Each structure stands twice: as C-alpha cells, then as structure tokens.
Amino acid sequence: MNQKSFYDLLTRYHEGNCTEAEKLWVDKWYHNLNSKSFEDLSDAALDEMQQSIWQNINPDATQPVKNTKVKKLWPKFAIAASFIVAFLIGGLYWANKNNAENAFMSDNEGLELISKTNDTNRPIIVSLSDESKITLDPKANIIYPKDFATDKRTVYLKGNAFFSVSKNPKRPFYVYNRTLVVRVLGTSFFVKSSVNQQPAQVSVRTGKVQVNENENCSLFRLSDKRVARPILLKPNQKGIYTDHNLSKTLVEHPIPLAVAYNMPNTVSYNFKEKNLKEIFSTLSEAYGIDILTSQQDILNYTFTGDLSNKGLYEQLDLICGSISGKYKIKGTSIMVSNTN
C-alpha cells in the first residue's frame, strides 16, 4: 500500500465509507497503536516516532530514489506527507482519548457486553444482572456485561450516573471511566465524568468507595510518581480528580445518614438553650461530618431554634449568625470560628 492509498483509506474510514475488511484493517492498526507502551516519551522521541511511522507501515518506502526525481516530486510528497501526518496525529488522538475504553473492552473480551445510552431528556434506570441499578443521566452511556464474571463486576461509564450497588464482598464492583476507577462492595454513589474542562467527581451517599486514577487514561503510560494517590470516601464526601491528583471535600448537599440509609430518624433539630458543643455533636452524628473549632469558648454559647427541614449548611448559617461567627469547609470537616 502506497502513501496515497493509505491516505484515501484513512479518509474513507473517518467518513464511514470503507468496507468491513478495510475497517477491520484500520481498527487493527489503531489497536496496534493503542497496545504500545510509551514510557514518558521525550519530544525528541515523539519526533523520531512520527518520522518513522510511515516506514513501519510501508517498508518499501525506504528504498532509495534518484536525486533528480526527489527534487521534482518533493512538493507532491510534502503535501501527501502533511495529510498523512495529520491523520496519524488524529489516529493517535483517537487512540489516546479512547484508550481507557479500549482497555476495558479488552479486559472483558470473553463476556457479552451491552451498551446502553440514555437518549431521553430525563434520567433512566438500568438494571444489572446482580440486581444493582444505575440511574443514567441524559446523554450518558454505560457498557456492562450481560452476566458478570465470577470474581468481579465491572462497568464502563461515559457521562454521569448514580449507582446503587448490591452487596457481594466476594465480587467487588468497579466503575471505570476515562480518568477514574471506583471500587465498591455495596453502596450508593454518584459518578460525574470529566467534560468541558470540568473535573471528574465521585460523591458518596452510602457505604464507602475507593477511588483510583485510571492508569489507562492515556495511551502514553504514566510513571508511578505521576499517578494520583487513591482516596477512600465515606457518606457525604466527594472526590475530585484534576491533573493526576485526587482530593476530598464535602458534597454540595449533605443529607442525614438516616435518610440515606432509609432508617427511622431519631434526631431532633429543635434546640432550646442548647450549648453549641451539644448541637455540633448532634449534627456531626446525624451527617457523619466532623464539626470542629479551634476556639473552645464558642462551644459554651447557647442556641435556641428549630432547624428541622433545613439542610446542614443552612443550619450552620443560622447557628453561626446567632454568635456572629462563620464556618468553612476544610477537607471533609467543617471549621467554625467567631469573627468577634
């Protein structure tokens, strides 16, 4: 295959006009690109790889030609080469962007996979073979086995979804997306994919989840020093992934643990002349969130008011307002201080 034929084939492939045999050939070529291990390539190494790509595809192109012909044909070859390099870069970009999904497909090659996309304008529920349920946001896609493997349960998510996972300690549940791997045993949580430069996020409602960076997020393998350290998330906590870093904070709208676990609510939020030490202890236990202060005298102040039917942050606004104080979220805790 010469350069022009290869360029024509790539053009028809990207336009969806090639035959099944041609598509299989290009897919195999993309797969070969995807399967290579690139250990933090330098710019010089990338340039050398780019210059050698055509020789690797067509060894005949290395045959010497007469100098006079090279001079006459150079403009045509330069134009053809520019198109080929553009498509090769596009191919590398395609392979890099889809590397995590391709790795997931390879790992589950022996299973019958189902791909479900939410084409509606409202969330839909997808039921899995283990009785887990996925609430899929509009435009989101989930790839999952019709029947899970015997040792683990894995799905691949593009977009946003809420997961309610059935408990099975012998078969941990993994949610993969392009940047993250979420490992759970049985819990409920929300996964938000990274789009439009917004960070990927995992918010936990019940149980615990471990969040790792997906090391297949790039075609170019990351060094151990660049891979984000795993984090463990508990209810009302959120993990945020940015630039190979995973950090923890609180969700935007914490909910009482009794509500999350569908348990009877035994906590009263109607306080009468209660000191803040008791109130903060009540709220911490109700939400599973530490409420702290470095000013111990604050804990002796009292508060009277009915905080029922209000969210945690609104409750804290009212409490802090009564003492001319303020609060701020620090990691997965809340710090209260007095501005006086």
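Two strands pair if DSSP finds at least two bridges between them; strands (E, at least two residues) are DSSP runs, numbered from the N terminus. The model is predicted, so local features need pLDDT of at least 70, side-chain atom pairs count only at pLDDT 80 or more, and totals for chains, interfaces and linings use all residues. Residues are numbered from 1 along each chain as its sequence is written, and side-chain values use heavy atoms, leaving out hydrogens and water.

**Exercise 1.** Find the strands that pair with β15, and name a partner residue in each pairing.

*Solution.*
- Start with β11 (residues 200–206), which pairs with β15 in the antiparallel sense over 4 bridges. Here Val 202 has Gly 239 of β15 as its bridge partner.
- Next, take β16 (residues 246–250), antiparallel to β15 over 5 bridges. Leu 246 in β16 stands opposite Tyr 241.
- Finally, look at the hairpin of β15 and β16: 4 residues lie between the strands, and Asp 243 takes a positive phi near 45 degrees.

**Exercise 2.** Decide whether each face of β15 is buried or exposed.

*Solution.*
- Recall that buried means under 20% relative accessible area, exposed over 50%, and partly exposed in between (1.4 Å probe, protein chains only).
- In a regular strand the side chains alternate between the two faces of the sheet.
- On one side, Gln 237, Gly 239 and Tyr 241 are buried; on the other, Lys 238 and Ile 240 are buried too.
- Check against the count for β15 (residues 237–241): 5 of its 5 residues are buried.
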